[in-house]
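This report examines how parts of one protein chain pack against one another. Please keep the structure in view while reading.

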Amino acid sequence: MRSTFFGLETGRRALDAQRRALEVTSHNIANATTEGYSRQRVKFAATSPYTLPGINQPSGALQLGTGVKIEEIRRMRDYFLDGQVRRESTSLGLWEKTRDLLSQVEVIFNEPSESGLRSVLERFWASWQDLGNNPESLSVRATVVKRGQAVADTFRHLWNQLTELQASLDREIAAQVSVINSLGAEIASLNMQIAGVSGSGQQANDLMDRRDRLLGELSRMTEVNVIQGPSDTITVFIAGGNLVSGNASNTLETRDGPGGLKIYWKGLDVVFSPRNGEVSAVLQVRDSTIPGFKDHLNKMAIALRDRVNNLHREGRGLDGSTGLDFFVPTAGASGIVLTSGILGDYNKIAASLSGSVGDGSNALRIAQVSQEALLDRTTPGDFYRSLVAELGVKSQEASRMSQNQRVLVNHLNDRRDSIQGVSLDEEMTELIRYQHAYAAAARLITALDEMIATIVNRLGLVGR
């Protein structure tokens, strides 16, 4: 036979369940603006019914409900969308980083501008043209030297700035490796904490949110593949290598190599070679893009140096000197300078072919080098313009791709937020619902208390 206090336990369970539901709702409201937070929902379930066993039991319903319990506090999360966001965030990291780095290269070339190599070369050729028209003028000869120095200085400046950018990317690679190692260690630590909570039969919702935020940071840097494991743990692979397995994490390290730092898995002779993400962008710009521009600059400087020197050696200066180089013949873009003979005596500039004072024919020949197809059947100006155009095309492509990728990632984030994000209107509705349910359960207990009071205090009074 059921106890008289049977209903009180049912009411108590209802109070406890609705109170906890109110607490979950308050947690959602408190974290409405917390980045990466997943809203939580209470899943109610009826407790085991009370069965009246026996052969001589009365007819009718033989099972009575015993109340309610909270079966699960569910974290609202779509793991398929999470994977999509991580994959697209990796591509976004690649294109945004590439865009930013190419912008730095554009700043170095500084085109179009009065201080860019294009304008410096135009003024250099113009000074030779002026010298051809005024071969005996020392002021014009001084201008030729100054503008020749400006050409050499600009080549060296561009080379040095690109080299410094490569060195700064080495430092950035080292910093990125440190960040990846830190993220891996923290994910492994969270795995251990989550496994402990799950092992006790509870759900580590907030810890899993924090772990997902770390995975989001990691996915911007390199390709991330996540495999679910036991007790809500995960195994994390990056660029095909295992970073986290349970509560253990592997680490990366940098080693000096030709062309800059190389990334290896620590303790192994295995190179870490990401094909996507910010790390991949830095490696591509450092190892491919910048060396390509430096090679073009060097090729241009050497072709320009050799052609001007060849023509200059065939001419004669005002003092009758001949066979002199204008630029030092052994230096490329990294160290191109004017010869000491030219710097020390402007009369040695070989503007003449015949040796007469008024002859500027050799200077005019050097001025015409600007129209010669010295480099891949193109003039020096066209060659340099194609180099700058290539940089502009790459930069525009990176900018366009980053914009497109940003739109896609934002769309996926919006879809994910519609599932996991907190809606204050919805939470207020849930708050009212749980509040009324709690009040009804309290009223039930009050009614049962009054019934029991009647039994205890009033039954058996007749005949006293």
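## Packing of helices α2 and α5

In this predicted model, helix α2 (residues 79–109) packs against helix α5 (residues 205–221) at an angle of about 35 degrees. The axes of these two helices are 7 Å apart.

On the α2 side, the residues that take part are D82, R86, S89, T90, L92, G93 and E96. They meet D212, L215, S219 and R220 of α5. Sorted by class, the contact of α2 with α5 has five charged, four polar and two nonpolar residues.

## Aromatic pairs and a cluster

The count of aromatic pairs comes to ten. One of them joins F124 and W125, whose ring centres are 5.1 Å apart. The planes of these two rings stand at 55 degrees, so the pair is classed as tilted, the class between 30 and 60 degrees. Both F124 and W125 are buried.

F124 also pairs with F326, with ring centres 6.1 Å apart and planes at 45 degrees, so this pair is tilted. Where do F124 and F326 lie along the chain? F124 belongs to helix α3 (residues 117–133), whereas F326 is in the loop between α6 (278–314) and α7 (340–344). The pair therefore ties together parts that are 202 residues apart in sequence.

Is F124 buried or exposed? The relative accessible area of F124 is 0%, and since buried means under 20%, F124 counts as buried. F326 is likewise buried, at 0% relative accessibility. One aromatic cluster is formed by F124, W125, W128, F326 and F327.

## Charges over rings

Two contacts of another kind involve a charged side chain and an aromatic ring. The charged end of R255 sits over the ring of Y264, at 4.1 Å from the ring centre. K294 lies over the face of W159, and here the distance to the ring centre is 4.6 Å.

## The chain as a whole

The protein chain has ten helices and ten strands. Its radius of gyration is 39 Å, well over the 23 Å given by the globule rule for 464 residues, so the chain is more spread out than a compact globule. Taken along the principal axes, the C-alpha atoms fill a box of roughly 155 × 45 × 30 Å.

Of the 464 residues in the protein chain, 42% are buried. Among contacts with a separation of 6 or more, 70% are between residues 24 or more positions apart.

Technical notes:
Residues numbered from 1 in each chain as written. Predicted model: local features only at pLDDT ≥ 70, side-chain atom pairs only at ≥ 80, totals over all residues. Heavy atoms only, no water. Axes fitted to C-alpha atoms, helices over the stretch in contact; angles between N-to-C directions. Helix = DSSP H or I, 4+ residues; strand = E, 2+ residues; numbered from the N terminus. Contact = heavy atoms within 4.5 Å. Nonpolar A, V, L, I, M, F, W, Y, C, P; charged D, E, K, R; others polar. Phe/Tyr/Trp six-rings, centres within 6.5 Å; stacked < 30°, edge-to-face > 60°. Buried < 20%, exposed > 50% of the residue type's maximum accessible area, 1.4 Å probe, protein only. Lys NZ or Arg CZ within 6 Å of the ring centre and 35° of its normal. Rg over C-alpha atoms; globule rule 2.2 N^0.38 Å.
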